[in-house]
Amino acid sequence: MQSNTSKIRRGWLLAILGIAGFSLTLPATRVAVLHLDPWFVAFGRGVLASGLAAIALLVTRQPWPKRHQLRGLALVALGVIIGFPVLSAWAMRELPASHGGIALSVTPLATACFGAWLAGERLPGRFWIAALIGAAAVFAFALEAGGGSLRSGDLWLFAASLLAALGYAEGARLTRILGAGR
């Protein structure tokens, strides 16, 4: 049996690895779309991730989801397996990865909004004030970097951020039902 301290350390290690992995998403996508079709890059990510997930699910002998859970799983797939990879690949054709990283910083805000909506929660006014200030800063950066106007890549990233946030929030909701392993 794992001690509480070792569980906490393992959680921190997994969180750090997850953050490090996610931080490579846009730079790797940017390099890939310079040489490969954005559709291939986007769906290649999904096929690779799905294959690894299938292996993990088979090895751990996870039960199949129930029919009523498929809608939620489809939302997760739409957001994080299809929407985010496709739209971010299209954006990285014209934007530097550093710009994309800043533009995607609205994703946690969108995730919180979707999470609250899916859970039927009301967020306090101070959340909205801080969120709007942060979103305005991201918008101002995109405008300044685009010479006073948004580029199409900014719009692709905004849509990617929204779809990822929906997928993350629905995934978190499903985790309470399915468990983290599934």
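Trainee: At what angle do helix α2 and helix α3 pack, and how far apart are their axes?

Mentor: In this predicted model, helix α2 (residues 25-35) meets helix α3 (residues 38-59) at about 140 degrees, and the two axes lie 9 Å apart. Angles over 145 degrees count as roughly antiparallel, so the α2 and α3 pair is classed as oblique.

Trainee: Which way does α2 cross α3, and which residues make the contact?

Mentor: The crossing of α2 over α3 is right-handed. From α2 the contact uses Thr 25, Thr 29, Ala 32 and Val 33, and from α3 it uses Pro 38, Val 41 and Arg 45. Sorted by class, the residues of this α2 and α3 contact are 4 nonpolar, 2 polar and 1 charged.

Trainee: How many helices and how many strands does the whole chain have?

Mentor: The protein chain has 8 helices and 0 strands. Its pattern along the sequence reads α-α-α-α-α-α-α-α. For overall dimensions, take the C-alpha trace along its principal axes: the span is about 55 × 45 × 35 Å.

Trainee: Take α4 and α8 next. What is their packing angle, and are they oblique or roughly antiparallel?

Mentor: Read the angle against the cut-off. Helix α4 (residues 70-92) packs on α8 at about 155 degrees, with 7 Å between the axes. An angle over 145 degrees counts as roughly antiparallel, and α4 and α8 are therefore placed in that class.

Trainee: Is the crossing of α4 and α8 left-handed or right-handed, and what classes of residue make up the contact?

Mentor: α4 passes α8 in a left-handed crossing. The contact of α4 with α8 contains 20 nonpolar, 7 polar and 1 charged residues.

Trainee: How do α6 and α8 pack?

Mentor: Their angle is about 45 degrees and their axes are 8 Å apart. Roughly parallel requires an angle under 35 degrees, so α6 and α8 are oblique to each other. The handedness is a separate reading: α6 passes α8 in a right-handed crossing.

Trainee: Which residues of α6 and α8 meet?

Mentor: On the α6 side they are Thr 107, Ala 110, Thr 111, Phe 114, Gly 115 and Leu 118. The α8 side supplies Ser 161, Leu 162, Ala 164, Ala 165, Leu 166, Tyr 168, Ala 169, Glu 170 and Arg 173. By class, the α6 and α8 contact has 9 nonpolar, 4 polar and 2 charged residues.

Trainee: How much space lies in the second largest pocket, and which residues are nearest its centre?

Mentor: The second largest pocket holds about 270 Å³ of space. Its lining consists of 15 residues, with Ala 103, Val 106, Val 138, Phe 139 and Phe 158 nearest the centre.

Trainee: Which helices each supply at least two residues of that lining, and how does the lining divide by class?

Mentor: The helices are α6 (107-119), α7 (125-145) and α8 (152-178). The lining of the second largest pocket comprises 14 nonpolar, no polar and 1 charged residues.

Definitions and conventions. Residues are numbered from 1 along each chain as its sequence is written. This is a predicted model: local features need pLDDT of at least 70, side-chain atom pairs count only at pLDDT 80 or more; totals for chains, interfaces and linings use all residues. Side-chain values use heavy atoms; hydrogens and water are left out. Axes are lines fitted to C-alpha atoms, for helices over the stretch in contact, and angles run from 0 to 180 degrees between N-to-C directions. Helices (H or I, at least four residues) and strands (E, at least two) are DSSP runs, numbered from the N terminus. Angles under 35 degrees count as roughly parallel, over 145 as roughly antiparallel, 65 to 115 as roughly perpendicular and the rest as oblique. A crossing is left-handed if the near helix is turned anticlockwise from the far one by less than a right angle, and right-handed if clockwise. Contact means heavy atoms within 4.5 Å. Ala, Val, Leu, Ile, Met, Phe, Trp, Tyr, Cys and Pro count as nonpolar, Asp, Glu, Lys and Arg as charged, and the others, Gly among them, as polar. On a 1 Å grid over the protein atoms alone, a cavity is a set of points where a 1.4 Å probe fits but cannot get out, and a pocket is an open set with protein on both sides within 12 Å along at least five of seven lines; lining residues have an atom within 4 Å of a point. Grid points are joined across faces, edges and corners, and a volume is the space filled by probe spheres set on the points.
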